[in-house]
Amino acid sequence: MLEGIPILSLVILVPLIGAFVTLGLGRYGKQARVVALAFSALAFVLSLLMTYEFVTDPTSEATGYHNGYQFYEEYAWSDSLGVSYIVGIDGISLPLFVLTTLLCMLAILFSWDTEKRQKEYFGLMLILEVGVLGVFVSLDYFMFYVFWEVVLIPMYFMIGIWGGPKKDYAAIKFFIYTHVASLALLVAIMAMYFEAGLQTFSMEAIAAESVGFAKGVQVAIFAAMFFGFGVKLPMVPFHTWLPDAHVEAPTAGSVLLAGLLLKMGGYGIIRVAIPSLPEGASELSILMAVIGVVSIVYGAMLCLAQKDLKKMVAYSSISHMGFVLLGFATLSQVGIVAGVFMMFAHGLVTAVLFMMCGVMQHKCGTRLIPMLGGLSKRMPIAATLMTAGFLASLGLPGLVSFAAEFMVFYATFVKWSLWVLVPVVAVVVTAAYYLWALQRSMFGPMTDRIDTSHLKDMDWFEYVPVAALMALIAVFGVFPGLIFSRIDSAVEIVMRLFGGG
Amino acid sequence: MTVLNMLEPFMPQLILVLFALLLPALDYLFKDKRLLAVATLMPLVGVAVAIVAWMFFDAWTPPASSVPLVEIDLFSGLFTLVFLSVGIIVVLTSADFVRGDRNQGEYYALILLAVTGMTLVAEATDLFVIFVGLEIAGISSFALSGFRKREKRSSEAATKYFIVGGFSSALTLFAISLFYGVAGTTSISALGPAIEGAFSSFEGSDSVAMLATVLVLAGFGFKVAAVPFHMWAPDVYEGAPTPISGLLAAASKKMGFAAFFKVFLIGLVVTKTDWEVAIALIAIITMTVGNLIAVSQTNIKRMLAYSSIAQAGYLLIALPVGTQYAVAGAMFHIMTHAFMKSGAFMVVAGMGSAAIGEKLEDFKGLGKRSPFLALAMALFLLSLAGIPPLAGFASKFVLFSSAVYGSIDPGPGWLIWLAVAAVLNSALSLYYYARVIKYMYMDSGSEEKVKVPRWTMAAILIALFMTVFLGVFFDATVDVCLRAAEAFTDLPLGL
């Protein structure tokens, strides 16, 4: 059906056009949300069409098949440097790609009542979508880096213009932190390019050459890349930009930041760093595992201490992304699949959590847990959805995170046997902070510390996206195989490269 | 050989000079002084079109030079194109900026003369021609900086620039005389072999050559405002009329680099091991000092001046790396920097025409007051910081990557630290560029709308177009830069 249609480019192009249209609305600025929603929905529908046509175990008959990738497109851009526009998708990028179009659409819907500078707000969101989508399908380092950096600017403005009281500090900190990391990545890319000496930035071509690099070179380049991707992930000790950025960002910004931008870091590690530099990865796998475990445990501990709901959710992201890193660090098929699945799961769950924090801020005027209490009586929908979201995040069996966490533990046990107990303990802490927060904010006696007389439950544009996400969380929790099988066959190809040397 | 034959290679300069001589007379003729700007644009655009037709469309080929002093090749063509483009942008903005001033004929004539001097440096194959070019451009720029002689800052800038400039010229001239003493020639391409011959034939010549190298390094260092020869730049850029600050930062500085490349990478490439460490250190110190001091500036022109100093540090990387790819990268960055930096200065000039100050705080709320100026400035600054997909990213990518590759082949391995330093500095620079963007979009200031004068807007649009265009479609330009760098035959390819 999609034979001959550049579907991936189309999905990227739609929000780009949408961004220009939205920004150029002029005095029809009030309609920005409608226009932005329409374009993001179109991108989502197109990405679903593409998913429908996607083949789990691709053979050369699959649409646009090329070495394990589907819907492959390649156009030369600069011959003198060897830059091409190459996009393609496989089982690793597919869940993240569709997650991107989905979350952007829902985030736009969730921001329905934004009043401040609407054109810019929705336009920037669409530009952000372009950047993230581009990262997930680029198969050329130069393009990858361009998309990677394009993401920074809209997010900087979203925090800086629509953010909370300390937005200036948070915005610039986010910008500098992640930009420094990007530059480490840039140097790593240059080193790969020249060390391979092929005069091309094609990831595949360079990977074929780079697996044979000397061990020292591999370790050095891998370390630089790991830093570049790890800050974005984020990993302890380079995580401090995240809580600041989240606390100050508007809700939709947080959703996209945690749901998508963090995934870029994880995706980079599995798409680029590990398969291209297998020896470097094995040398540093213990380091990755240690950082992963520290992020899991330390992040969870920090959550216990938070008074601000949103800050707690932000720290929980650090903890959960630690699972991704731990899964990757095992360098085993099941661990990597688990890591990718965890990213997808976390994207869905964390979006729910941040939206719920946004609802609290919106309706109650505060997100401080000690100020809240007993809200379930007045806000039954909110209480239900928040409970469901918290349970999903703490890894309740039957919901999507459980499968991912369980697999990470399994892979860790296979590789490092009883050391797995360290991150397992963190799960107990996770359950503790979520349930404790829930109890203090939603249940118990009604709070008298804020004015509850005019308290209303969630608006339609708030509960529709949250409920939709919860439905997906349940579906993929019960049938994780829907995604597993796709990731699995793609990781198998990666592992083959990895072992092949 | 007829006189006409001898004049042929100087055709572009002759056209520029002819108009420069006419302009003061035209000043009496035209009531509407904007016609003067039009008259100035004619030769600039004409020569620029001819060069683009030659370099990018192969419409014609320049004749081989019949005098052993200058040579028109792709290298000089690219530089000339940069000078002419900046000239066009500056003249367009000046039409609004100096509208009420006296002596506009002389003002435009001096701009043309400055550009003439710069093009001469780019085409020079002889040390003396370089010197003559530097002087022509230098003296015109001194006068231009002090154009508003009743303004104290302007006069102070001119005086400072004149003293420092005169001093650096003296150093350069002294260096040339020493080189002549050692080598017996002033031809740049013959300099290397002659110096090598002198080393083996008479004693002490190596120390004289070393002294001359240090002197010429200092002399050119002043021109490009490399640390520690940079002190004049912020004062002069601040005091000079804003379009002229743009001319100095975007064109005059690049002339210094043309001279640098010619003398060091053709003439002195035989002694590269003697000077490469020194220049590498200067490069790192220059970019770091420039960026660090830029952070604390409160005046936009001073901030841009320090950012120019930092950019000079990036460009100096090409000398110690010393591959054709590095020179190509530097040339590409010179092109992109010319547009983004002159564009940024023209935005400041546009604000000046609307009687807004030059303090960073004056940018508060500009996003509302003039969406065009704010967007243009934001793009110029992001490009300067090297954010893709803008031109500054593409050129920094080529330039910095040349250091990475240079460290792998042909070495030495420490060249990688130049790339690391440059990359870290880029990150640092983002801080002060982003701060201006924050002022423009995130803070609120005066609500009064700003009207951008039409000619200034045209100038900014040209710079903006090139800043975006070169960032996305860099292939043809990189290709020409690489071919131009082939003129440096003694250098390894490095790609």
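This report covers confidence, the contact between the chains, helix packing and backbone features of a predicted model.

## Confidence

The model is a prediction. It scores ipTM 0.84 and pTM 0.90. Chain A has a mean pLDDT of 91, with 99% of the residues at 70 or above. Chain B averages 92, and 100% of its residues reach 70 or more.

In chain B, helix H13 (residues 300-316) has the highest mean, 96. Helix H1 (residues 3-7) of chain B has the lowest, 77. Where pLDDT is low, predicted coordinates should not be read in detail.

## Contact between the chains

Chain A gives 26 residues to the contact, and chain B gives 23. On the chain B side, three helices each supply at least two residues: H18 (391-408), H19 (415-441) and H21 (475-485). H19(B) gives the largest share of that side, with 10 residues.

By class, the side of chain B that touches chain A holds 18 nonpolar residues, 2 polar and 3 charged.

## Helix packing in chain A

Helix H9 (residues 215-232) and helix H11 (residues 251-276) of chain A pack with their axes 7 Å apart, at an angle of about 160°. That angle makes H9(A) roughly antiparallel to H11(A). From H9(A), the contact takes Phe222(A), Met225(A), Phe226(A), Phe229(A), Gly230(A) and Lys232(A). H11(A) answers with Leu261(A), Leu262(A), Met264(A), Gly265(A), Gly268(A), Ile269(A), Val272(A) and Ala273(A). The class count for this contact is 10 nonpolar, 3 polar and 1 charged.

A second pair is helix H5 (residues 141-150) and helix H7 (residues 167-196) of chain A. Their axes come within 11 Å and cross at roughly 175°. H5(A) is therefore roughly antiparallel to H7(A). Tyr141(A), Tyr145(A), Trp148(A) and Glu149(A) of H5(A) make the contact with Ser182(A), Leu185(A), Leu186(A), Ile189(A) and Tyr193(A) of H7(A). This contact divides into 7 nonpolar residues, 1 polar and 1 charged. An α-helix has 3.6 residues a turn, so residues three or four places apart point the same way.

## Helix packing in chain B

Helix H17 (residues 371-385) and helix H20 (residues 454-472) of chain B have axes 10 Å apart and pack at an angle of about 40°. That makes H17(B) oblique to H20(B). The crossing of H17(B) with H20(B) is left-handed.

On H17(B), the residues in contact are Ala376(B), Leu379(B), Phe380(B) and Ser383(B). They meet Ile460(B), Leu464(B), Thr467(B), Val468(B) and Gly471(B) of H20(B). The contact of H17(B) with H20(B) has 6 nonpolar residues, 3 polar and no charged.

## A helix and its end

Helix H7 (residues 152-183) of chain B has 32 residues. From its first C-alpha to its last, H7(B) reaches 46 Å, close to the 46 Å expected at 1.5 Å a residue. Just after H7(B) comes Gly184(B), with a positive phi of about 75°.

## Backbone exceptions

Most residues other than glycine have a negative phi, and most peptide bonds are trans. Asp58(B) is not a glycine, yet its phi is positive, near 55°. Asp58(B) sits in the loop between helix H3 (34-57) and helix H4 (74-97) of chain B.

Chain A has cis peptide bonds to report. One joins Leu233(A) and Pro234(A), with omega about -10°. Another runs from Val236(A) to Pro237(A), with omega near 5°. Pro234(A) is in the loop between H9 and helix H10 (241-248) of chain A. Pro237(A) also has its place in the loop between H9 and H10 of chain A.

Conventions: Residues are numbered from 1 along each chain as its sequence is written. Chains are lettered from A and ligands numbered from 1 in the order in which they are written. This is a predicted model: local features need pLDDT of at least 70, side-chain atom pairs count only at pLDDT 80 or more; totals for chains, interfaces and linings use all residues. Two residues are in contact if their C-beta atoms, placed from the backbone, lie within 7 Å. Helices (H or I, at least four residues) and strands (E, at least two) are DSSP runs, numbered from the N terminus. Ala, Val, Leu, Ile, Met, Phe, Trp, Tyr, Cys and Pro count as nonpolar, Asp, Glu, Lys and Arg as charged, and the others, Gly among them, as polar. Axes are lines fitted to C-alpha atoms, for helices over the stretch in contact, and angles run from 0 to 180 degrees between N-to-C directions. Angles under 35 degrees count as roughly parallel, over 145 as roughly antiparallel, 65 to 115 as roughly perpendicular and the rest as oblique. A crossing is left-handed if the near helix is turned anticlockwise from the far one by less than a right angle, and right-handed if clockwise. pLDDT is the predictor's confidence in each residue, from 0 to 100. The expected span of a helix is 1.5 Å times one less than its number of residues.
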